[in-house]
Each structure stands twice: as structure tokens, then as C-alpha cells.
Amino acid sequence: MNTSNEIKNSFKVKSQCTELHHITSLESLIEKSNDGTLNSHTSIIGGGYNIIPRSFIDGIVIKSDLKTIEITLDTKDYILIKAGSGVVWDDFVGFTVMQGYLGLENLSLIPGSVGAAPVQNIGAYGVEASTFIHTVHCFNLDTGTFLDLTNEQCALGYRSSIFKSRPELFITHVTFRLCKSNLLVKELANSAHYNKLEFLKDSARLIQLSFKSINLKLLPKPKIKFSFNCVRDILKLCIIPARIKRKLVIYIRTRTLHSPDKIGNCGCFFKCPILPSASFRTLKDIYPDVEWFEHDSNSVKISACWLMKNTNWSGKTFNNVRIESKRPVVLMNAGDATGEDVLHVMDKIQQDVKNKFNISLEAEIVVL
Ligand SMILES: Cc1cc2nc3c(=O)[nH]c(=O)nc-3n(C[C@H](O)[C@H](O)[C@H](O)COP(=O)(O)OP(=O)(O)OC[C@H]3O[C@@H](n4cnc5c(N)ncnc54)[C@H](O)[C@@H]3O)c2cc1C
């Protein structure tokens, strides 16, 4: 294998492309565009944490190595901060939290690059990148021109955005709007004024949630176990500083998620399907134990894990792909799976869910 054309990916499937180019400056991007190398058929990758590439990609692949971070506006209450698409996402989050800018702490340790954050509209612990994205700066690979998209123009939704249907847009930078005070956290916690009463309420809630999170087992040996069920609620509390929230998120993620360094995976492989309330009620009549989450006033999210458990996929190994038993939405490379093996398993799971529930299980990962 020619390692210089290797498509590195966290599922650890072997893949090569005809040519792999690293974009290190806007000048090199313009140069490659002028000589006709780039167009909308060019594939774009970031860190490779959410892609399943086929064994051979017959074409050009580009990857951003644009790594600047600059504050473009600094006001009393908020800042605008512009980061290159090649910056490692968690380095960026760490930088903003350390500087005292609030907002991204719940998104700590999500693997990948800044450039992919708007594409997938990454999210965790009740927060999505869309809340903080101000402008996405792009280069149109077909026309060779730069353009900026506002938050609204990006059509950011649950793990979706306009970029999924605009392959000609290469993201060069992303500008985020982050708060300097606790204002934004207050917004997230749905409270308008953070006064003494709020502070007392928050403190009481923190104590209550802390007790709820501790599970004391006395027999046969006394044991204290922490449950992470209340973590979303804890992270909403204004009295907890962003640095502590980041530490808490990192602590939980390192203990609950499979590190791709140890076993190939892409995090959640499938999205939770969104059903209109009426279809959900019909489903619940047939399957009263269906697991679901609130989405908006007209629809609910059905747990992809529940759908996979109820089509007997949890714990299975098929085509060199292992499906996690507790969280079957996580697929893992059981050995030497190829991209094609993984896509075959993906099809099978989608077919089974469709046949049993008439629900389309959409992939969260991107197939290259
Ligand atoms: C263990 C693990 C845990 C995870 N946990 C979470 C989680 O909690 N929440 C979550 O949302 N995701 C999670 N993910 C998924 C993944 O981290 C995110 O989707 C991340 O944004 C992928 O970044 P990347 O740079 O690796 O992008 P890639 O996987 O390389 O690419 C993803 C998509 O973005 C596009 N893209 C990348 N860079 C650019 C660019 N510069 N311009 C245009 N398009 C571009 C690619 O074409 C592709 O469509 C997890 C993954 C793993 C492995």
C-alpha cells in the first residue's frame, strides 16, 4: 500500500485513493483549483472519525491542514473566534474554555476537526455546535471562489447541514460566537436572571443531583458507584464553572466510550430516527416499551439502540463487524473488516429495522 495515499479512519478499514492532497494554505487551495485539480467530485476528509471509506477511492481526496485560531471581535459580553478547519476540535474547545469563553465545554473530547463540526453539527450532553456557529467560511471547488455562510444558511439540524448536499463546498474556517459571562449557560438552563435566589436553587439542585448520581451498594461488599444518568442536568447548572464541566465530560467520555486507538469504531453509527407524533403514538400502541427522546413539539426521536436490540443485532458479530451489546448503535471493527464489509452490515441492519418497524434507520457516518 502506498501510505501517502492512505485514507486514515477511526474504523480502521484499509483504504487508498488515487491522490491525497493536504491543504496547508488558502494560496495552495487557489493554486490547485486554478490548475483544474479540484471540483465537486473531489472527496473531503477531516480526521476520519466519522467516515467509512471503500477500499479504493478512484479520485482525489483533500484534507485541511489550516490551523490558525484568531479572535475577530471582542466585546464586553461575547467574542467571535475564527478557527481553521484543520484544527483538532478538542484542542479548540480546550483553548476556548481555558481562555474563559463559554459554550463548547459539553462538546469536549469529540474526536475530529473544526471543519467537520458544522457538517455533522456535532452534539453531546444536550448541546449542539449549531448554537455557537456564527459563520462558516467556504471555498467552492467548482467555481474557485470563496463564500461565507451564516448560521441560518447552513441549515444546521440533528447531525445534518447544508454541507451534506453541497459536496463542492470545502470549509476553510469556522467562526464561533462564545460568551464571556455566564449569560449563555443561563440561557441553556432556561433562566433569565441569575440572582441570589437562582444561586441557591442551583446549589440545592446540585446537591440533589449528586445524591441521585451516587449508588451505594452495601452487600456483599460496600461499594460506591456513580451513575451518569443525571449528567445532562448537572451540566446545565450555572454554578459549575466551564473548566469543571469540561473535566466532568472528559472523565465520563474516557470511561464510557470505546477509544478508536484500542478498537476501530466511529462512535454512533446510526442516527435516532425522528417520527411525527402521530406515527409515534401508533408505534407505542404496538410496542409500549419503545425507548424515545423528546425532539420538538411535533415529533420524537426513537432510540436507534432500541430498534437494533429489537431486531436482534445487539452483541452480534457479522462480516468482521461487532455490534456492541449495551449500545448496539456502536459498530466496531472485529478484525480485518473492509469498508465494503461494514457497508454490507449497515444495509442488513437498515433492512431489518425497515422490515420490522417500517422505520428508516439513517447512517450518521459518511460513506466515501
Ligand atoms: C469514539 C467516538 C466518539 C464520538 N462521539 C461523538 C459525539 O459525542 N457527538 C458527535 O456529534 N459525534 C461524535 N463522533 C463522530 C465524530 O467525532 C464527528 O462526526 C466529527 O465531527 C468527525 O470529525 P472528522 O474531522 O474526523 O471528520 P471526518 O470523519 O473526516 O468527516 C466527516 C464529514 O465531514 C466532511 N468534512 C470534513 N472536513 C471538511 C471540510 N474541511 N470541509 C467540508 N467538509 C468536511 C467530510 O467530507 C465528511 O462528510 C464520535 C466519533 C468517535 C470515533
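Predicted model: local features only at pLDDT ≥ 70, side-chain atom pairs only at ≥ 80, totals over all residues.
**Entry 1: a hairpin**

I began with Leu73, whose bridge partner in strand E6 is Leu80. Strands E5 (residues 69-74) and E6 (residues 78-84) pair in the antiparallel sense over five bridges. Here I take strands (E, at least two residues) and helices (H or I, at least four) as DSSP runs, numbered from the N terminus. Two strands count as paired if DSSP finds at least two bridges between them. A hairpin through three residues joins E5 to E6.

Residues are numbered from 1 along each chain as its sequence is written, and side-chain values use heavy atoms, with hydrogens and water left out.

**Entry 2: His173**

Next I looked up His173, which I found in strand E11 (residues 169-179). Is His173 buried or exposed? It is buried, because its relative accessible area is 11%; the cut-offs are under 20% for buried, over 50% for exposed and partly exposed in between, with a 1.4 Å probe and protein chains only.

Which residues does His173 touch, not counting those up to four places away in sequence? I listed Leu26, Thr68, Lys82, Ala83, Gly84, Ser85, Val136 and His137, where contact means heavy atoms within 4.5 Å. The side chain of His173 also makes a polar contact of 3.1 Å with the side chain of Thr172. A polar contact is a pair of N or O atoms within 3.5 Å; within protein, one must be able to donate a hydrogen and the other to accept it, and residues adjacent in sequence count only if both atoms are side-chain atoms.

**Entry 3: a sheet of three strands**

I then traced an open sheet of three strands, in the order E15-E17-E16, with antiparallel pairing. Its edge strands are E15 (274-276) and E16 (292-296), each pairing on one side only. E15 and E17 (residues 299-302) pair over three bridges, and Pro276 has Ser299 in E17 as its bridge partner.

Helix H8 (residues 277-286) lies across E15, E16 and E17, running at about 95° to E15. For such angles, axes are lines fitted to C-alpha atoms, for helices over the stretch in contact, and angles run from 0 to 180 degrees between N-to-C directions.

**Entry 4: rings**

I pair rings of Phe, Tyr and Trp (its six-membered ring) if their centres lie within 6.5 Å; planes under 30 degrees apart count as stacked, over 60 as edge-to-face and the rest as tilted. The count comes to eleven aromatic pairs. In one of them, Trp306 and Phe357 are tilted, 5.3 Å centre to centre with 50° between the planes. The pair links distant parts of the chain, from Trp306 in helix H9 to Phe357 in helix H10 (residues 339-357), 51 residues apart. Both Trp306 and Phe357 are buried. I also noted a cluster of Phe11, Phe269 and Phe270, linked by ring pairs.

**Entry 5: two asparagines**

I ended with backbone angles, as most residues other than glycine have a negative phi. Asn312 has a positive phi near 60°; it lies in the loop between helix H9 (304-309) and strand E18 (317-318). Asn312 counts as exposed because its relative accessibility is 58%. Asn319 has a positive phi near 55° and lies in the loop between E18 and strand E19 (321-323). With a relative accessible area of 29%, Asn319 is partly exposed.
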